[in-house]
Amino acid sequence: MVAGVEPDLDVRMMEAALSEAAVCLEFGDVPVGAVVARGDQILGAAGNGRERFQDPTAHAEVLALRAAAIAVGSWRLDGSSMYVTLEPCAMCAGALVLARLDRLVFGAPDPKAGFAGSLGNLVQDERLNHRVEVSGGLMEARCGDLLRSFFKERR
């Protein structure tokens with residue numbers, strides 16, 4: 001556990017991310033949700049929007065980062081944490097580094113595309129000018145079950 005981080009806060013924020021993920025089902029998007037927060041204040045929240053917006057970059061993390069940057073009036077989101085239901089891909093991991101987030105908390109690992117520990121660890125690469133603290137596995141079963149259910153229905 002990180003000093004100054006309340007476990008209950010992490011759970012509340014992941015619940016908010018799961019709510020965002022559930023909305024994705026209405027649009028046929030893979031149910032991934034993300035929340036950017038400073039303490040208990042949500043700055044930005046989104047679910048995947050690739051199908052809804054026909055945009056390959058409309059991942060939940062990118063959309064939540066965009067909303068947070070607008071909310072604070074800056075692309076620099078230092079002092080913030082991201083809560084996401086699935087381990088970020090390489091694109092999203094890079095966006096977290098570029099946004100200067102302090103912390104990433106994810107639910108389910110992604111052994112096929114995850115870049116916060118599974119396939120690589122872009123968010124903590126020492127060659128980059130910023131590193132993000134990572135905590136994985138929060139509410140992993142619920143996050144993973146939502147995804148498994150989505151893909152099972154598609155087969």
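Trainee: Before we start, what does contact mean here?
Mentor: Contact means heavy atoms within 4.5 Å. Keep in mind that this is a predicted model.

Trainee: Is Val 35 buried or exposed?
Mentor: Buried, because its relative accessible area is 1% and buried means under 20%.

Trainee: You listed Ser 81 there. Which strand does Ser 81 lie in?
Mentor: Ser 81 lies in strand β3, residues 81–86. Ser 81 also counts as buried, at 12% relative accessibility.

Trainee: What does Ser 81 touch, not counting residues up to four places away in sequence?
Mentor: Val 35, Val 36, Ala 37, Leu 101 and Arg 103.

Trainee: Switching to helices. How do α3 and α4 pack?
Mentor: Helix α3 (residues 60–72) and helix α4 (residues 90–98) have their axes 9 Å apart, at an angle of about 25°. That angle makes α3 roughly parallel to α4. Their crossing is left-handed.

Trainee: Which residues meet there?
Mentor: From α3 you have Glu 61, Val 62 and Leu 65, and they meet Met 91, Cys 92, Ala 95 and Leu 96 in α4.

Trainee: Which residues of α4 are buried?
Mentor: Cys 92, Ala 93, Gly 94, Ala 95, Leu 96 and Val 97. Their cover includes α3, β3 and β4 (103–108).

Trainee: What comes just after α4?
Mentor: Arg 100, which takes a positive phi of about 65°.

Trainee: What about α1 and α5, at what angle do they cross?
Mentor: Roughly 5°, and the axes of α1 (residues 7–24) and α5 (residues 140–154) come within 11 Å. So α1 is roughly parallel to α5. On the α1 side the contact is made by Met 14, Glu 15, Leu 18, Ala 21 and Ala 22, and on the α5 side by Arg 142, Cys 143 and Leu 146.

Trainee: Now the aromatics. How many aromatic pairs are there?
Mentor: The count comes to one aromatic pair. The rings are those of Phe 150 and Phe 151, with centres 5.0 Å apart and planes at 80°, so the pair is edge-to-face.

Trainee: Why edge-to-face?
Mentor: Because planes over 60 degrees apart count as edge-to-face, and these two planes are at 80°.

Trainee: Is Phe 150 buried or exposed?
Mentor: Phe 150 counts as buried, at 5% relative accessibility. Phe 151 is partly exposed, with a relative accessible area of 34%.

Trainee: Which residue lies over the face of Phe 27?
Mentor: Arg 52, at 4.2 Å from the ring centre.

Trainee: One more Phe: where is Phe 53?
Mentor: Phe 53 is in helix α2, residues 50–53. Phe 53 is partly exposed, with a relative accessible area of 47%. Leaving aside neighbours within four places in sequence, Phe 53 is in contact with Ala 58 and Leu 63.

Trainee: And how many Å is Phe 53 from Gly 73?
Mentor: They are 24 Å apart in space, C-alpha to C-alpha, and 20 residues apart in sequence.

Conventions:
Residues numbered from 1 in each chain as written. Predicted model: local features only at pLDDT ≥ 70, side-chain atom pairs only at ≥ 80, totals over all residues. Heavy atoms only, no water. Phe/Tyr/Trp six-rings, centres within 6.5 Å; stacked < 30°, edge-to-face > 60°. Buried < 20%, exposed > 50% of the residue type's maximum accessible area, 1.4 Å probe, protein only. Lys NZ or Arg CZ within 6 Å of the ring centre and 35° of its normal. Axes fitted to C-alpha atoms, helices over the stretch in contact; angles between N-to-C directions. Helix = DSSP H or I, 4+ residues; strand = E, 2+ residues; numbered from the N terminus. Parallel < 35°, antiparallel > 145°, perpendicular 65-115°, else oblique. Left-handed = near helix turned anticlockwise from the far one by under 90°.
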